[in-house]
Amino acid sequence: MIIDTSLFHWFFLRTFARCFAFYNCQKELLKPKSKFPFAMVFMILLKIATSLTTWGIERTEANIMLSVFSYYGLMSLTVFLFYEGKVLKKIFVYVVTLCLELLNSAIGGAILTAIRTNVYGQTIEEQSDFSTINQDYLVTFLFELLITIVLSYAFVFILRAYKLIFKKSDKANAKYLFFLITPLTHIVFGFMSATENALTNIQCILLGACVIFDVAFIFIIDHFQNVEENNRLYQQKLLQNELDYALIQTTKEERAKLRKTKHDYINLLSTVKGFLEIEQTEKATTVINETIDDLSSVSKLPFSNNDTINTILNIKNKKATDSGIEIKATVNETFVIKTSDYDLSRILFNLLDNSIEALENCDKSKVCEIEIFADVDNVKITVSNICNTKDVKTGTDRGNGTGIIKEIAKKYNGKYTLTKEALPEEKKYSKATATVTMENI
């Protein structure tokens, strides 16, 4: 079967595949300025323009070298025009992606040359003839496009795996790493199709579908990642709004108590003075003690320089009080806590919720002790409480949100630990201590 190629330049397909591979690698190393792939479109147009410019020129070695250097020189503009980042980083990324493209071409060319030579018995001259393409050669040509695209995914896969393992990147994106295996599986089908003696139109269609799918696949992944990131930002803003509202309410309550105390202060002193004048010291002492308790209730929890800590401690103190639980908090800050409010609040919410839940199910001492320490290097949060020993045996990570706590701690080069020790005097009770240590970064 002979396919007429006069209506279409197969060269454009090869150009598109190579430019996509280049773009796929670049965007993994640099952040694009726009969601639309302007860099890839620019490279395709640039390649077509430089090719058309040199189309009628005699193909001497000097002219070919001039064309190549002009193309790659102009293509370096993509990293400067369409990506964010410092100049040195952009230069580094361009050199890396250029080397990857050359490696990609070398690997793909070696595979295809071996297939065409050994399977189809084509000479080098026949392999470079684009005047007509038979169906056998069409399969290997589609396989060439597939190799170019899939090898770029291999690089992206390796880079993301490195970030996940060594750079402590967000584990929420770990699933997208496994999605990248999908394009890699297509190369197996492509290799089988390109090395079979009996070729069908179905194989050509399926190979073409694989190429189209793999090109669209990276944009599909980007879409879902953007949706997930937007949802995360929305949750972060929602939590921040809730904390701000709670802080305002707490401040209003504290001010109301202070106004009440101030208003009654003169009357209380006058009452005490009257009791002392008639030598009713016992009644005077009672009034004084009640006044002290009232003043203590204005702010039971320690003051912190961090509004997030103050707000969450007050929120959870109200919840604990409703359940007959006392929260004893100690905050020691010798340096400002740099942990983001969002991450800090998630840690404190989960730690305190787990402690309060354990104390609600325990009939022993209902006290939750929390210590927060921060200096220039580290942040340490410790929450301890008594719990039932029978609950301890169900597993060390019984509490809710321990996965979230571990992930956030790892993000700040820290760790989460949970220790449980049975009380020597009463074995049916244990003391559970949850500790989060992080770098103050």
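Which residues does Ser 152 touch, not counting residues up to four places away in sequence? Ser 152 touches Phe 20, Ala 21, Asn 24, Cys 25 and Asn 104, where contact means heavy atoms within 4.5 Å.

This is a predicted model, in which local features need pLDDT of at least 70 and side-chain atom pairs count only at pLDDT 80 or more, whereas totals for chains, interfaces and linings use all residues. Residues are numbered from 1 along each chain as its sequence is written, and side-chain values use heavy atoms, with hydrogens and water left out.

**Figure 1. The whole chain, with 15 helices and nine strands.** Helices (H or I, at least four residues) and strands (E, at least two) are DSSP runs numbered from the N terminus. Of the 441 residues in the chain, 39% are buried; buried means under 20% relative accessible area, exposed over 50%, and partly exposed in between, with a 1.4 Å probe and protein chains only. The chain exposes about 25,100 Å², of which carbon and sulfur atoms supply 61%, the areas coming from the Shrake-Rupley method with a 1.4 Å probe, and for residues only the protein chains shown count as cover. Among contacts with a separation of 6 or more, 76% join residues 24 or more positions apart.

**Figure 2. Ser 152 in helix H7 and Thr 97 in helix H5 (residues 87-118).** Ser 152 is buried, at a relative accessible area of 2%, and its partners beyond four places in sequence include Phe 20 and Cys 25. Thr 97 is likewise buried, with a relative accessible area of 2%. Once neighbours within four places in sequence are left aside, Thr 97 contacts Phe 22, Cys 25, Gln 26 and Leu 29. The side chain of Thr 97 also reaches the backbone oxygen of Tyr 94 at 3.0 Å, to be read against the definition of a polar contact as a pair of N or O atoms within 3.5 Å, in which, within protein, one atom must be able to donate a hydrogen and the other to accept it, and residues adjacent in sequence count only if both atoms are side-chain atoms.

**Figure 3. The largest nonpolar core, a set of 45 residues.** Such a core joins buried Ala, Val, Leu, Ile, Met, Phe, Trp, Tyr and Cys residues through side-chain atoms within 4.5 Å. Phe 20, Met 75, Leu 146, Ile 149 and Tyr 153 touch the most other members. Two or more residues come from each of helix H1 (10-29), helix H2 (38-53), helix H3 (61-75), H5, helix H7 (135-166) and H10, and H7 gives the most, with 14 residues. Ile 149, with residues up to four places away in sequence not counted, touches Ala 17, Phe 20, Val 211, Asp 214 and Val 215. A second, separate core has 35 residues, among them Leu 243, Ile 325, Ala 434 and Met 438.

**Figure 4. The aromatic pair of Phe 213 and Phe 217.** Rings of Phe, Tyr and Trp (its six-membered ring) pair if their centres lie within 6.5 Å, and planes under 30 degrees apart count as stacked, over 60 as edge-to-face and the rest as tilted. The count by this rule is nine aromatic pairs. In the tilted pair of Phe 213 and Phe 217, the distance is 5.2 Å centre to centre, with 35° between the planes. Because Phe 213 and Phe 217 are four residues apart in helix H10 (residues 201-277), they are separated by about one helical turn. Phe 213 is partly exposed at 34% relative accessibility, whereas Phe 217 is buried at 9%.

**Figure 5. Leu 180 in the loop between helix H8 (174-179) and helix H9 (181-194).** Leu 180 is buried, with a relative accessible area of 0%. Leaving out residues up to four places away in sequence, Leu 180 touches Tyr 153, Val 156, Phe 157, Arg 160, Phe 217 and Ile 221. Leu 180 and Ile 221 are 41 residues apart in sequence, and their C-alpha atoms are 8.9 Å apart in space.

**Figure 6. Asn 413 in the loop between helix H15 (402-411) and strand E8 (415-422).** Most residues other than glycine have a negative phi. Asn 413, in contrast, has a positive phi near 55°, and this residue is partly exposed, with a relative accessible area of 38%.
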